[in-house]
Amino acid sequence: MNPFEEQFAALQGDFPAAACSRMGAGSYTVTIPEFRLPAGWTAPAVTLRFIAPVGYPMSKPDCFWCDAGLRLASGGVPQNTGPNPMPNGPGPLLWFSWHVSSWSPNADTLRTYVNVIKK
């Protein structure tokens, strides 16, 4: 089992409905349906999608996508977002250009990345 597969199995412990699909050149798409959101959004949950890039975990995940209609509770659009289809994925989606500030391939995992998204 490669590092992605091991970490994905652990992520499914937290999100049993999570799914992944292999993209070309060794990257993976991760999908988590019914991803619960904290207060402050127009929906209680969304389908979360992100890519584990080629070279993962040496290459960190970057950006994520969710349901196109998601807005802040005020009705505004979240900062650093916009409509953008996901590579090899459905569209339109709301793309979050939110980035991990630090990443250690020896310590950080898919769970780490999902926790960054939660915050």
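## Salt bridge

A salt bridge is taken here as a side-chain nitrogen of Lys or Arg within 4 Å of a carboxyl oxygen of Asp or Glu. In this predicted model, that rule gives a count of one salt bridge. The pair is formed by the side chains of Asp 14 and Arg 111, with an N to O distance of 2.8 Å. Asp 14 belongs to helix 1 and Arg 111 to helix 2 (residues 110-118), so the bridge ties together parts that lie 97 residues apart in sequence.

Both partners fall in the intermediate accessibility class, which spans the range between 20% and 50%. Asp 14 has a relative accessible area of 42% and is therefore partly exposed. Arg 111, at 35%, is likewise partly exposed.

## Gln 7 in helix 1

Gln 7 is located in helix 1, which covers residues 3-14. Its relative accessible area is 13%, so Gln 7 is classed as buried.

When residues up to four places away in sequence are left out, Gln 7 is in contact with Tyr 56, Pro 57, Asp 108, Thr 109 and Leu 110.

## Thr 29 in strand 2

Strand 2 comprises residues 28-36 and includes Thr 29. With a relative accessible area of 9%, Thr 29 is buried, because the cut-off for that class is under 20%.

Leaving aside residues up to four places away in sequence, Thr 29 touches Ala 19, Cys 20, Ser 21 and Met 23, together with Phe 50, Ile 51 and Met 86.

Methods. Residues are numbered from 1 along each chain as its sequence is written. This is a predicted model: local features need pLDDT of at least 70, side-chain atom pairs count only at pLDDT 80 or more; totals for chains, interfaces and linings use all residues. Side-chain values use heavy atoms; hydrogens and water are left out. Helices (H or I, at least four residues) and strands (E, at least two) are DSSP runs, numbered from the N terminus. Buried means under 20% relative accessible area, exposed over 50%, partly exposed in between (1.4 Å probe, protein chains only). Contact means heavy atoms within 4.5 Å.
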